[in-house]
Structures are given as C-alpha cells and as structure tokens.
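Open the model in your viewer and keep the selection tool handy. We will go from one stop to the next, with a short note on what to look for at each.

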2 protein chains.
Amino acid sequence: MSAMLAGEVATRAGYFLGAEGVACLSAEQALAFTGLLETSRRLTRELEGELEAKHGLSFSALGLLGRLAVAPRGTLRLTILAQDMGLSLSRVSRVVDGLEERELLERQQCPADARAINACLTARGATLVRQAQATHGAGVRRHFFEKLDKEQVRMLAATFTSLLDGAQPSCVA
Amino acid sequence: MSAMLAGEVATRAGYFLGAEGVACLSAEQALAFTGLLETSRRLTRELEGELEAKHGLSFSALGLLGRLAVAPRGTLRLTILAQDMGLSLSRVSRVVDGLEERELLERQQCPADARAINACLTARGATLVRQAQATHGAGVRRHFFEKLDKEQVRMLAATFTSLLDGAQPSCVA
DNA sequence: ATGTTATATTTGCGCTAGCAAGTAACTTGG
DNA sequence: CCAAGTTACTTGCTAGCGCAAATATAACAT
C-alpha cells in the first residue's frame, strides 16, 4: 500500500512537492494537509448546494440568520455579526442586503447609537431559518458523521479545538 | 469545561442549532464539523496570503504550476489539469490566462488534437514554482504541523483518506 | 461523404469574499 | 463647546469560482 499511498500523495499534493522532492513532507503529512482542505471543499460544496437549492441560502446567509435566531429579540448589530462570523463588515452588509430584499430580516436604526444598524429577524426569516437548519443538520449527518465512527469524531473535535485555540478572528478587516 | 465547551459550540455552530436546539448534534460533533471548516478557512487564508505576498500566486496557480513541474516535458492539457485539480475547465482557462501573461507558462496547440491546448511551463515558471513550493512547504509546517503531534497527523491522514475514498471529483463541470 | 454527437476551450454572467475609500455619527482632549 | 480621532456602515473595485452558452474540432454512424 505504500506505493499506492505515495502515488496518491504525488497526485493530490503535487503542488508542494518539487522536482527535488518528497523530502519536504512525509506522505502522512501530505495526506493530512491536503485531505483537510479537500474534505472541507467537498463538504462545503455539497452542503451549500443543497442549502441553495432548497432554501436559496448561502452558508453565510444561514449563519447570519441562525445567529439572529438565537439572539435576544432576534436582533444583532452588523458589527457584532461580522465579528462573530469571521466575515468582513462589508460582506455582512451585502449579505444583509440580500436577506432584507427577501424580507427575511429588516434593518433598523439602533436607538442607542445612530451610526449602528440592527439586523432584525422577521417572522418569515424565523420560519425559514428553522427549515434550513433542519436541512443543513441532516446534510451534515449524511455527508460527514455517517462516515465517521465515534472515536474519529472525538479525535477531530479535540484536534481542531487545540488548533483553533489561539484563535485570533480569521477576518482582519 | 463542559459548560465552556457548550458555550463555544453555541457560538461557533449557532447556525445549525435552532431555537429548539442542541439535540440536533452533540457538542463533539458540532466541534468536529465547525472546527474542520474553520481550520480550513484560516489555514487557506494564512497560507494563500503568504503565497500571494511573496510570489503573487494563488493556491490554484501554485497547484497548476506544480502539476506542470512534475509532468513530462512540463506540459499538460487544460482538461487534464482541471480534472486533476478539481477545478472547472473555465477556471483553469483563466488561471492559465494569468500565468501566461506573466510568462510562467505558454499555451501551445496540441499537435495530436487541434481542439486541445497544452499548458507548457517556461524556465521562469519552473524557477518560480520551486521558490513558491519552498515558501508554501514552510508555511504548512509552521501553521499546521508544528501544532500537531505525530499521533494526530496519523489520525487525520487516516480519517481524511477514508472520507475521500469514494472520491468522485469535487467539480462536476 | 455527411450529418450527428461528443470533446476542448473560451467567454459572459452571477455569486462569494475582502480591501480601500467615503460618509455619518460618536467620543474625547483642550 | 468644538476640533481631532475613532467607530459603524456603505459602496466601488478586484479576485476566485462555477455554470451556461458559444465555437471549433474530432469521431462515428449511416
């Protein structure tokens, strides 16, 4: 299997193994790294496709609505959303544009600070987010957890927790 | 720690835990899933940023050049590149546009098939890809492997290998 | 030979994403 | 009280990505 493994690695990790070679990373390391990125890519593609098809929501849109759904009064300021979600404020502003268009949320002037805008979930939005969360949850189970045993899940959770520990937010702006 | 863990999960996985709740996924499952996506996002952002800053290459561009670098005669057809890289052909065509502009590769008519185009690495491209691979390899070690022990790497490699096993290509088009 | 179907690539469009610049409003030091 | 600096948001721009349509060539069946 070592030969087949090496072949796999050469294919999937070709972009950082130079002509000089394989000494750069071990086969296992290459698999761990490229596997992580590739798994994330496929999972995202698959799940976001379902979400888009069934509810017309991107991942970010669902994340935003989901955060509103658990916030007091269904309301959060855009800045808070951006920080929470690790997105730029400009992106959040435009996601909100789209959701407001569809009347899933409303922009409201913040009474305490005239600069600030509250995104506020509508009844329509609250209904949709519940449905979409159900779709998404089912998709996650189907595409991810059904293929993993308990031990693997435990280990992944522990590994990612430690990796993300020194967590500066992923978006600077 | 269970309380803090639950808090973490509520924050990071808020988008699929509805008002009704936490019953949907276990805390560990939520961490494994969101951790995967978040880790991938940060890693990509960090590494691609370095690559862009030092060599003006995106991840895809490096992948493409890297594949040419190990191909016979530094040459591959666009279709092959697209399949290998899990990108759409249209995307590959445009990445090639950019790299051709910078004279890191050339488009050549395939002698055997007048429809096909070969992307062919130039000397400049071959030099750059080696440098960029070095940068990238160092970045991967620094941002990823330095934070993991041997056992974790082994486990990640095994898990992702089995997850990606039934691997239909991630890009349909 | 020739029409049909399949393959290879390019181009137009729409989406997500961030950064930079612009505007409005809050805060603070003098 | 007001000028300088900070914060909140919006808007214009760029880049990556895929899909769908357009074009050109190949392969195949009649």
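Begin by selecting β2(B) and strand β3, residues 117-121 of chain B: they pair in the antiparallel sense over 5 bridges. Strands here are DSSP runs of E with at least two residues and helices are runs of H or I with at least four, numbered from the N terminus; two strands pair if DSSP finds at least two bridges between them. This is a predicted model, in which local features need pLDDT of at least 70 and side-chain atom pairs count only at pLDDT 80 or more, while totals for chains, interfaces and linings use all residues. Residues are numbered from 1 along each chain as its sequence is written, with chains lettered from A and ligands numbered from 1 in the order in which they are written.

Now pick Glu106(B); its bridge partner in β3(B) is Cys120(B).

Time to bring in chain A. How many residues of chain B are in contact with chain A? There are 50, facing 49 residues of chain A, where contact means that C-beta atoms, placed from the backbone, lie within 7 Å. α2(B) gives the most to this side of chain B, with 15 residues.

Zoom in on Thr159(B) in helix α7 of chain B. Is Thr159(B) buried or exposed? Thr159(B) is buried, because 25 other C-beta atoms lie within 10 Å; the cut-off for buried is 20 or more, with 12 or fewer for exposed and partly exposed in between. Beyond neighbours within four places in sequence, Thr159(B) is in contact with Gln152(A) and Leu156(A).

Finally, superpose chain B on chain A: a rotation of 180° with 0.0 Å of shift along its axis does it, at an RMSD of 0.1 Å. In chain B, the C-alpha nearest the axis belongs to Ser40(B), 3.3 Å away.

Terms used
Contact = placed C-beta atoms within 7 Å. Least-squares fit on C-alpha atoms with pLDDT ≥ 70 in both.
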